Amino acid sequence: VIPILGRRRQRLLRPRRPMVAVGALVSLTRGGVDRGLAYRQLACSSLLASHHILRGDESVVPGLASLTANQSFELQVLDTGSAAFSAVAAFLHSDVSALVGGGSSGVTSQLVALAKATDTALVGYRSTSTTLRRASNSHFARTVPSDAAATAAMARLVRTVAWRHVAVIAEQSLWAESFVSSFLESARRENVTVIASSTFDAASPASRALAVRELTDSGASVVIGVMGDAAAGPLLRSARDCGALGAGTAWLFADGVSPAALSEQAVAQQLVGITPLSELLRGSLSLAASAEGSESHGRFLRAWQAEGAQPTGACRNPLFDEPAAFAAPPLLPAVAAYLYDAVISLAVALARAGPPHSGTAVLRELLALRLDGASGLVEFDHLGDRAEHSSSFRLTNFQQSGPASVGRLGSGGLHLSRPIEWRDGNLPPRDARLSAGGDVVRRTLLRLSLGRGGSEAGAEGG
């Protein structure tokens, strides 16, 4: 790596070519195996942004033509290989002025250090860990809301339902550890008490059982789950066996649990006679960063469909040719919008900074940026995180018929678009540590939230 880094520094010292080249790092493969259409569509989302920049197409971002005028632009799709070392290698062997990526916080943490060493601007679209939130990260910003914003939203949701005591269970990973640490701070600000916090090794049944036992011993009826898709099924089975999942309980999952992925698991498990995951999840909630359902995301989806109708609508690039990319909506619609906005934001900042497009100059322009993108209003705070007031979250409820989007949570509070199906019926489980008076408050707040949500959903056209 050192010789390559030295050669890249020599290239950076030479005058940059007039063409502004941006590299989009996407996890197209893992262990040399193709990850499928969903991840190719993510790459195509970055190429859609590039097409709009080059054509001056304002169907998603109003005023885009004037924001990026007089700038030659090129986008290069780079495969991270789902690993930090291959992402670093892809960057070092490229000739780009700035980067968008990587696909996870672990990969991005390595890229942040390299971006600073090479004076290259880096914009994240999926890396949410609070460990990336450092004042010294002078070359990094992100369009996806950070875990700090996500945990603040989760704590507000707990308060809105009038719960005051929760337990936390998390898999043993750097992301989960960072998320839990941030949630503990957010919970304190919202006067929510975490009465138990346990971790488990996803590969160890004994570790899962011990962590779940700590939940049951705490007497908590509300559980915050912080884990990935693969860990959720085994953990929930352990929870069911120990009595921590059932009548009188509510589980709220962090962004690591994907409703779509869990639905696929549920179908496969039902075929082989295992208790369907959909049954274990019924009545649970998932809170994830997303602008889905908003007017801005609607513009993005319409532009996506329009691109598929173009004669050149196929997503062609040196790494793959995907004719079906725009034929159907993106399988990861929220991430695709954040990636689109990362490319657009970076292009605008590059245009404003001008040659030689140093990372510090580009980041300075990014932090002053304000635009209406695919994921809504895009603004950054002084550390490069997406501003909390411009962050929105989708609330998914695992219902009898499957995962359903039931509302959104943003700076204006919780707005429900349809009733939540709880495990026990129409009302959320009672906080085991609350009095009956608290139960009355909980019912009242939920009715108010549903009333606001119904009117606003109608105003937005559903």
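An open sheet of 5 strands, paired in parallel, has the order 4-1-5-6-7 in this predicted model. Strands are DSSP runs (E, at least two residues) and helices are DSSP runs (H or I, at least four residues), numbered from the N terminus. Two strands pair if DSSP finds at least two bridges between them. Strand 4 (73–79) and strand 7 (140–142) stand at the edges. Each has a single partner strand, so one side of each is left without a neighbour in the sheet. Neighbouring strands are turned by 25 degrees against each other on average, direction ignored. Strand 1 (residues 20–26) and strand 5 (residues 98–100) run parallel and are joined by 3 bridges. Gly23 has Leu99 in strand 5 as its bridge partner.

Helix 5 (residues 105–117) packs on this sheet and touches strand 1, strand 6 (121–124) and strand 7. Contact means heavy atoms within 4.5 Å. The direction of helix 5 makes about 160 degrees with that of strand 6. Helix 14 (residues 359–367) also packs on the sheet, touching strand 6 and strand 7. Its direction makes about 40 degrees with that of strand 6. Axes are lines fitted to C-alpha atoms, for helices over the stretch in contact, and angles run from 0 to 180 degrees between N-to-C directions.

A further open sheet has 8 strands in the order 9-8-10-11-12-17-18-19. Its pairing is mixed. Strand 9 (193–200) and strand 19 (413–416) are the edge strands, and each pairs on one side only. The twist averages 25 degrees from one strand to the next. Strand 8 (residues 165–171) runs parallel to strand 10 (residues 222–226), with 4 bridges between them. Here Ala167 stands opposite Val223. Strand 18 (residues 402–410) and strand 19 run antiparallel and share 4 bridges. Gly410 has Gly413 in strand 19 as its bridge partner. A hairpin through 2 residues joins strand 18 to strand 19.

The whole structure holds 6 aromatic pairs. Rings of Phe, Tyr and Trp (its six-membered ring) pair if their centres lie within 6.5 Å; planes under 30 degrees apart count as stacked, over 60 as edge-to-face and the rest as tilted. Trp163 and Trp422 have ring centres 5.8 Å apart and planes at 85 degrees, so this pair is edge-to-face. Trp163 lies in the loop between helix 6 (147–160) and strand 8, and Trp422 in the loop between strand 19 and helix 15 (436–459). The pair therefore ties together parts that are 259 residues apart in sequence. Trp163 is buried, with a relative accessible area of 2%. Trp422 is buried too, at 4%. Buried means under 20% relative accessible area, exposed over 50% and partly exposed in between (1.4 Å probe, protein chains only).

One aromatic cluster comprises Phe300, Trp304, Phe326 and Tyr340. Arg35 lies over the face of Tyr39, 3.9 Å from the ring centre. A charge sits over a ring if NZ of Lys or CZ of Arg is within 6 Å of the ring centre and within 35 degrees of the ring normal.

The chain averages a pLDDT of 85, and 85% of the residues score at least 70. pLDDT is the predictor's confidence in each residue, from 0 to 100. Over residues 1–17 the pLDDT is below 50, and this stretch has 26 contacts beyond near neighbours in sequence. Over residues 448–462 it is also below 50, with 17 such contacts. Where pLDDT is low, the predicted coordinates should not be read in detail.

Residues are numbered from 1 along each chain as its sequence is written, and side-chain values use heavy atoms, without hydrogens and water. Local features need pLDDT of at least 70 and side-chain atom pairs count only at pLDDT 80 or more, whereas totals for chains, interfaces and linings use all residues.
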